[in-house]
Amino acid sequence: MQRVEQGIAAAAETLAAGQHPDGHWAFELEADATIPAEYVLLKHFLDEIEPSIEPPIVNYLKSIQGAHGGWPLFYDGDFNISASVKAYFALKICGEDVNAPHMKRAREAILAHGGAQTSNVFTLVQLALFGQVPWRAVPVMPVEIMHLPRWFPFHLDKVSYWSRTVIVPLLVLMAKKPLAKNPRGVDIRELFVTPPEQVTNWYNMNRKGAWAVFFRNIDRVLQRVEWAFPKASRERAIEKAVEFVTERLNGEDGLGAIYPAMANSVMMFEVLGYPKDHPDLVIAKKSIEKLMVVHGDRAYCQPCLSPVWDTGLVSHAMLEIGGEFAETVTPAADWLKDRQILDVVGDWAARAPGVRPGGWAFQYNNPHYPDVDDTAVVVMALDRLDPAKYKEQIDRAVEWIFGLQSSNGGWGAFDADNDYQYLNHIPFADHGALLDPPTADVSARCLSMLAQLGYKIDHPKVKAALDYLLREQEPDGSWFGRWGTNYIYGTWSVLCALNAIGLPSEHPVMRKASAWLISKQREDGGWGEDGASYWEDQPRGEGKVSTASQTAWAVLGLMAAGDVDHPAVEKGIRFLTETQTEDGEWDEESYTAVGFPRVFYLRYHGYRAFFPVWAMARYRNLKQGNSKNVLFGM
């Protein structure tokens with residue numbers, strides 16, 4: 001316990017030192033090679049090359065190249081064709097010698113996996129913009145989509161917020177079919193097994209079934225007739241797309257506050273002939289530059305920023321630590337209070353008309369797209385700190401959360417009932433991440449919030465949420481983790497909610513989940529699960545190494561299940577104390593979060609800083625306190 005106390009103090013000091021003067025915390029958010037590669041390609045598309053930033057990005061891309069020769073989707077992961085093609089293209093366009101050993105290894109790996117033609121749709125779009133593949137390589141998404149009524153099988157309201165913001169400016173690009181300026185005239189023909197102009201089938205989806213056949217046939221028809229669409233209708237559709245983007249441009253925080261949408265908005269304005277000094281184009285470019293991270297001779301572009309999420313979670317950790325460190329939460333809470341979205345009725349209202357806004361976004365600003373998960377985390381922190389002071393904010397958030405509940409009792413991240421699964425069969429959706437259906441982890445956070453605020457099982461919306469989570473438990477006892485990797489994250493999230501709502505620790509559901517977590521503990525006392533577990537044929541709750549953040553989730557989950565005295569918890573805490581570094585943090589190169597399963601993974605640099613100390617502080621508090629019951633929602 002003395003080592004636990006020392007570890008808590010060291011981690012708390014480091015966290016406190018990282019707090020910004022205005023009270024918030026913000027950590028780096030790292031994705032895979034695709035975002036920095038796309039950043040470079042964007043600069044060459046625009047002919048706005050920045051010689052000073054390219055060498056650090058080149059160094060970064062070279063440093064994360066896998067032993068297999070290509071680039072993975074997460075640290076030490078398997079080869080991924082799309083990430084590898086983009087990284088190779090970026091390196092070559094920055095001037096890397098194609099005969100250099102790292103380029104040769106990458107090229108051989110890409111060709112061995114079928115070549116660039118087997119890339120996903122978004123990569124093929126990128127290649128089409130640079131004239132590397134014909135536009136027929138890309139499934140047709142006519143800009144006339146902007147005219148479709150809501151009752152139509154495909155409508156923008158029926159896809160997720162991230163899909164919406166990425167697709168709308170992309171529709172304009174696909175209608176105009178521009179060619180990148182590409183001032184150095186770089187091509188990557190050497191990455192194709194068959195010359196792209198000779199490829200007859202660009203359809204890379206392995207989806208089966210009636211919907212897949214139906215949408216594939218529609219795409220074949222559209223490929224042949226799109227040229228004949230009336231020009232007047234197309235121009236009106238483009239105008240609607242531009243109106244959509246400009247309304248949601250979001251200042252220096254960018255369209256949707258996510259890189260792909262922001263980059264597409266820049267290219268859209270450029271293709272439509274906006275002058276360089278046009279305010280919309282200028283601000284869209286600034287939003288992208290705010291995502292850059294430079295560390296000496298290495299640099300990368302973040303997919304987005306995560307200050308509200310970071311601040312909410314650190315606040316929970318600091319409150320758990322207590323003492324003088326809990327005082328840091330007051331300025332953090334005041335900073336969060338000012339970011340509650342109260343005056344913008346966002347896209348979520350299409351499925352929840354009449355509901356007043358009241359949520360928080362993930363980023364500094366993103367008023368059209370608050371998210372449920374952040375809102376629940378923030379509310380629980382405000383409630384723990386001072387429920388009377390923040391009552392108005394809490395009540396308004398609960399009203400919004402109730403309004404966003406889906407018909408099955410669960411919650412998605414940004415919209416209610418965004419579960420039109422047939423749309424994942426359209427050829428454009430080969431990534432399988434077009435939708436935002438309810439998930440166990442987000443739903444658990446909402447139930448945790450409601451339970452912490454005093455709502456009981458006899459409340460109909462609470463009962464619906466509980467029933468949803470009980471239905472979602474996997475046969476092995478775990479829960480799927482949509483936004484964190486993976487079953488360890490999901491199981492921790494749900495166990496917190498079940499405990500908070502009053503499910504007894506001896507309940508069979510709790511026992512089964514606890515047994516599953518214990519069965520996944522590694523020999524070193526930690527837990528670890530990598531992104532491969534999102535594939536159905538891969539083991540769950542397992543990975544190549546133990547990680548601090550996932551060990552913390554497992555320990556927090558077991559304590560929520562009433563197992564604070566179980567040897568597995570002590571072993572997990574011992575792992576955290578023994579792996580803590582001198583600066584009070586933990587080394588964690590693994591990616592323990594996900595943007596889109598099997599497609600896009602994330603490394604939150606803050607997870608290794610605050611989740612482990614949160615678990616250690618809770619362990620200390622429960623072992624030394626009068627009760628062994630976790631009293632909070634998470």
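Predicted model: local features only at pLDDT ≥ 70, side-chain atom pairs only at ≥ 80, totals over all residues.
Strand 1 runs antiparallel to strand 5 (residues 600–604), and two bridges link the pair. Leu29, for instance, has Tyr604 in strand 5 as its bridge partner.

Next up is helix 15, which covers residues 391–403. With 13 residues at 1.5 Å a residue, this helix should span 18 Å, and that agrees with its end C-alpha atoms, which are 18 Å apart. Quite a list of its residues turns out to be buried: Gln393, Ile394, Arg396, Ala397, Val398, Trp400, Ile401 and Phe402. So what covers them? The cover includes helix 13 (329–337), helix 14 (372–385), helix 16 (440–452) and helix 17 (460–472).

Then there is the empty space inside. Rolling a probe the size of a water molecule over the atoms shows where such space is left. Searching the whole structure turns up four cavities of 30 Å³ or more, and the largest cavity holds about 70 Å³ of space. Its lining is made up of Glu252, Asp253, Ala257, Met262, Ser287, Lys290, Leu291, Cys304, Leu305, Gln363 and Tyr364. Sorted by class, that lining comes to six nonpolar, two polar and three charged residues.

Technical notes
Residues numbered from 1 in each chain as written. Heavy atoms only, no water. 1 Å grid on protein atoms, 1.4 Å probe; cavity = no way out; pocket = protein on both sides within 12 Å on 5 of 7 lines; lining within 4 Å. Points joined across faces, edges and corners; volume = space filled by probe spheres on them. Nonpolar A, V, L, I, M, F, W, Y, C, P; charged D, E, K, R; others polar. Pairing = 2+ DSSP bridges. Helix = DSSP H or I, 4+ residues; strand = E, 2+ residues; numbered from the N terminus. Expected span 1.5 Å × (residues − 1). Buried < 20%, exposed > 50% of the residue type's maximum accessible area, 1.4 Å probe, protein only. Contact = heavy atoms within 4.5 Å.
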